[in-house]
Amino acid sequence: GREAAAANESERGEGVSMQHRSLSALDLASEAARRSVSYERRRALPVLVKPRKLNVWSFMKESIGKDLSRVSTPITFNEPLSMLQRFCEDLEYAQLLVKAESVQDSCLRTAFIACFVISQYSSSANRQCKPFNPLLGETFDFKQEEEGGWGEEEGKGGRWRWVSEQVSHHPPISACYADSPIFEYFGQYEPKNKFTGKDMEVTPRGTLHIKLKKWNEEYTFTKATSSLHNLIVGKMYVDNHGTVYVKNHCSGEQAKITLMKKGGWFGDRAHEVQASITTAGGEERYKLHGKWTEEVVLEDVQAQTREVVWTRHELPPNHVEMYHFSRFGITLNEITEEMRDSLPPTDCRFRPDQRLYENGEVKAAAKEKLRLEDKQRKARKQRESAGEKWTPRWFELKENSTTCKEEWTYKGTYWNVRETRQYEDLPDIF
């Protein structure tokens, strides 16, 4: 079933300058009160697809050891989401940030932030198809307007909004910014892909930031390596593995997260995750353990108590025939009439190959994919011939005061422009 999606209303910016203004509770409360029509987000994709074994070897044998961001893959390797939408899935469990903000103990806040970081890997379970590579200048926005979030039993999920842009094509870099009355989430994703001969590895680069407004705290972390195994022989499976450090830059506390690599014939320790949360002085105060596909338990080392603090949402019916998308993931490419009238023309929900593919028109989608890739190549050559440099519209390179490194930083103007719909200067990428 295809059902109408929740209305994506834009911020009412009357009397507000074009400088960045963070989202407040008043903004969202007044915005919700203004809505005269409500929509229910869709609960299924338009077309169900039976799982299929990808014929990877015939294509990948020429790509061993290469950077796959420079290789055009067959459209049948894809799922009907852009990488920008895939990154937005990281906020599915934003209620953990709301929970972190509510506790007094800074070390416990760090533990909940670490749990949020772990929850981000849950959307990758069994996701064997790759997202569409964003075109240069492609964008995506999303508004979470319901207090309950995406779970039916978690309680308050919080309201937040997200904007992202593909700021570089080679190397591929996506920049994002999300804010709410409680938190800010921002950073950049720079995935490095490699085919080893039987596995595909994605090693993300780029720092991600979380700010809790009430406590004026900032946390940073990076991503672990994700792998798709047995591309040639055997049953394919997705694994996330490596060590992730979450640092509280205000208090000096740190969480060391270890995602175990699946090993042995029987998959010993598959999906297992452990974390140790320590004070600035190195004393262990809390532990996290569980599976990023199921649940995470918080252990208080001093009080010797345990509590389940995160459980993965139940997947929708027929999720196997919907690329293993979560309920949240299913909604991300939904487009309503209101969205058609208000979204910028660079939004990936307007991308024709992705839309055709979602609707089951695979041959037409493949032709459109080739056309768009050719269009992008021609545009790049024209810029090079004219000596022009690409300038992203919504993000800019600036030195981050926390990391002291140049990072793609949100300019703060997207939602105001979206309100007025002044899109004349945006590029024609589709």
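**Aromatic contacts**

Guide: Arg109 lies over the face of Trp215, 3.9 Å from the ring centre; a charge sits over a ring if NZ of Lys or CZ of Arg is within 6 Å of the ring centre and within 35 degrees of the ring normal. The model is predicted: local features need pLDDT of at least 70 and side-chain atom pairs count only at pLDDT 80 or more, while totals for chains, interfaces and linings use all residues. Residues are numbered from 1 along each chain as its sequence is written, and side-chain values use heavy atoms, with hydrogens and water left out.

Arg393 is placed over the face of Trp394, at 4.3 Å from the ring centre.

Turning to ring pairs, the structure holds 14 aromatic pairs (rings of Phe, Tyr and Trp, the last by its six-membered ring, with centres within 6.5 Å; planes under 30 degrees apart are stacked, over 60 edge-to-face, the rest tilted). Among them, Phe116 and Tyr185 are edge-to-face because their planes stand at 85 degrees, with centres 6.1 Å apart. Phe116 belongs to helix α5 (residues 106-119) and Tyr185 to strand β6 (residues 183-195), so this pair links parts of the chain 69 residues apart (helices, H or I of at least four residues, and strands, E of at least two, are DSSP runs numbered from the N terminus). Both Phe116 and Tyr185 are buried, meaning under 20% relative accessible area with a 1.4 Å probe, protein chains only.

Trp394 and Tyr414 also pair edge-to-face, 5.0 Å centre to centre with 85 degrees between the planes. Trp394 lies in the loop between α9 (362-386) and β17 (395-399) and Tyr414 in helix α10 (residues 414-420), so the pair ties together parts 20 residues apart in sequence. Trp394 is buried at 1% relative accessibility, and Tyr414 is buried at 1%.

Note on methods
Buried < 20%, exposed > 50% of the residue type's maximum accessible area, 1.4 Å probe, protein only.
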